[in-house]
Amino acid sequence: MVSNLFVKDRVAIVGAGITTFMRRALETPRELAWEAARQALDQAGLTLRDIDCVVIGSAPDTFDGVHMKGEYLADGSGALNKPMTRVYVGGGTGVFVPVSAWWHAASGLCRTVLAVAEEKMSPAHPHPQYVFRYIWDPIIHRPLEPNLIWIFAMEMRRYMAKCGAKKEDIALVSVKNKRNALDNPAAQVAANITVDDVLKSELLVWPVNELDISPVTDGAAALVITNENTARQVTDSPVWIDGIGFTLDNQHWENRELAFPRYLNYAARMAYRMAGIERPWKEIDVAEPYDPFDYKELHHIEGLMLARPCEAWKLLKEGYFERDGELPTSPSGGLLGVGNPIAAAGLMKVAELFWQLRYEAGKRQVKKPVHKAVANAWGDLMQAGTVIVLSN
């Protein structure tokens, strides 16, 4: 790690937990948050008395129908008589939560931090897409009445046109991730599907079909993050946070290169530099790229520099990103298979890498030895990139 006068402590993850991801969960958002937090504390062998600070992540209040959701979730997340912060960068929140917890611990402000991300999207009526009507620039974009699928369709089309990828090439991501999710007990939409199933599913906005997209999901995830001294006291196998990165690109999609995620590439370079990684395509052993749509996993593999621009879909066809491949991606099943509770989805991916680096992923454990891992998330007005690099 590059010397930094403002970083006092090395920081590690010592416990993780996730709820079952599902549609129309009967639990309240507080109950979902506590279930994930309790699991993370249990794995770390700690209780709330050992927690100094709490970081909460949650996307728009409108999903849950609760205003000032950070305050609402505080007790369910264990923030009783403790300093609590809520962070929010849309879909990028799930990775920004451990990033925020990292600086709480690295600065010496807190020894041990409980990082919790929760989302309950089912209460949004008639559909969560309607919540996104109000995120656009009111003068330039809102009169066009866009929705997220409309924007993603433009981006997917641009990637296909520039990189020469066909729809059937991209559909292989959905096939891979849903199959990986069959081994994940938390998964919502695990399935053995074929490329034909994806191509014949309902066309939403060309070229996006229903099975190209992750589902609407309720769920929560949590991590226990602590400084080096405490980490070595509570476990023999801490997972170190070696690098963090975050950045914002232009919020106006018409001014962005839609075929390459520059927002992610800058954040990844920041995280790799901090982690001392110069050749991520050689040094990273396992990755959890953010995959709300199947083309986004390819997009993000390239932004993370795990493949050259426009090369990820070719490597995918060769099996390079399979669980037993050269560089496994989304061994958890990803958002496409496990589900996409917006803010919690990215933290689910970090939890998966924690278990992979401790060789505790069970049937999902990748075949190759693993020492370094990377996860990313993406959101806000689709221009926020958040990255975390881990090692064992």
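Helix H5 has 16 residues and reaches 22 Å from its first C-alpha to its last, close to the 22 Å expected at 1.5 Å a residue. The model is predicted.

**Helix H5**
- H5 spans residues 148-163.
- Its buried residues are Leu148, Ile149, Ile151, Phe152, Ala153, Glu155, Met156, Tyr159, Met160 and Cys163.
- These buried residues of H5 pack against H6, H11 and H12, and also against strand E5 (203-205), E6 and strand E10 (372-379).

**Helix H6**
- H6 runs over residues 167-180, and its 14 residues should span 20 Å at 1.5 Å a residue; the end C-alpha atoms lie 21 Å apart, which agrees.
- H6 is mostly covered, with 11 of its 14 residues buried.
- Among the buried residues of H6 are Ile170, Ala171, Val173 and Val175.

**Ala187 in the loop between H6 and H7**
- Ala187 is found in the loop that joins H6 and H7.
- Ala187 counts as buried because its relative accessibility is 19%, and the cut-off for buried is under 20%.
- Leaving aside residues up to four places away in sequence, Ala187 touches Phe21, Ala181, Gly337 and Val338.
- Ala187 and Thr19 are 168 residues apart in sequence, and their C-alpha atoms are 9.6 Å apart in space.

**Contact of H9 with H11**
- Two packed helices are described by the angle between their axes and the distance between the axes.
- The axes of H9 (residues 262-275) and H11 come within 8 Å and cross at roughly 40 degrees.
- H9 and H11 are therefore oblique to each other, since angles under 35 degrees count as roughly parallel and those of 65 to 115 as roughly perpendicular.
- The crossing of H9 and H11 is right-handed.
- On the H9 side the contact is made by Tyr263, Leu264, Asn265 and Ala268; on the H11 side it is made by Lys296, His299, His300 and Gly303.
- The residues of this contact divide into three nonpolar, four polar and one charged.

Technical notes: Residues numbered from 1 in each chain as written. Predicted model: local features only at pLDDT ≥ 70, side-chain atom pairs only at ≥ 80, totals over all residues. Heavy atoms only, no water. Helix = DSSP H or I, 4+ residues; strand = E, 2+ residues; numbered from the N terminus. Expected span 1.5 Å × (residues − 1). Buried < 20%, exposed > 50% of the residue type's maximum accessible area, 1.4 Å probe, protein only. Contact = heavy atoms within 4.5 Å. Axes fitted to C-alpha atoms, helices over the stretch in contact; angles between N-to-C directions. Parallel < 35°, antiparallel > 145°, perpendicular 65-115°, else oblique. Left-handed = near helix turned anticlockwise from the far one by under 90°. Nonpolar A, V, L, I, M, F, W, Y, C, P; charged D, E, K, R; others polar.
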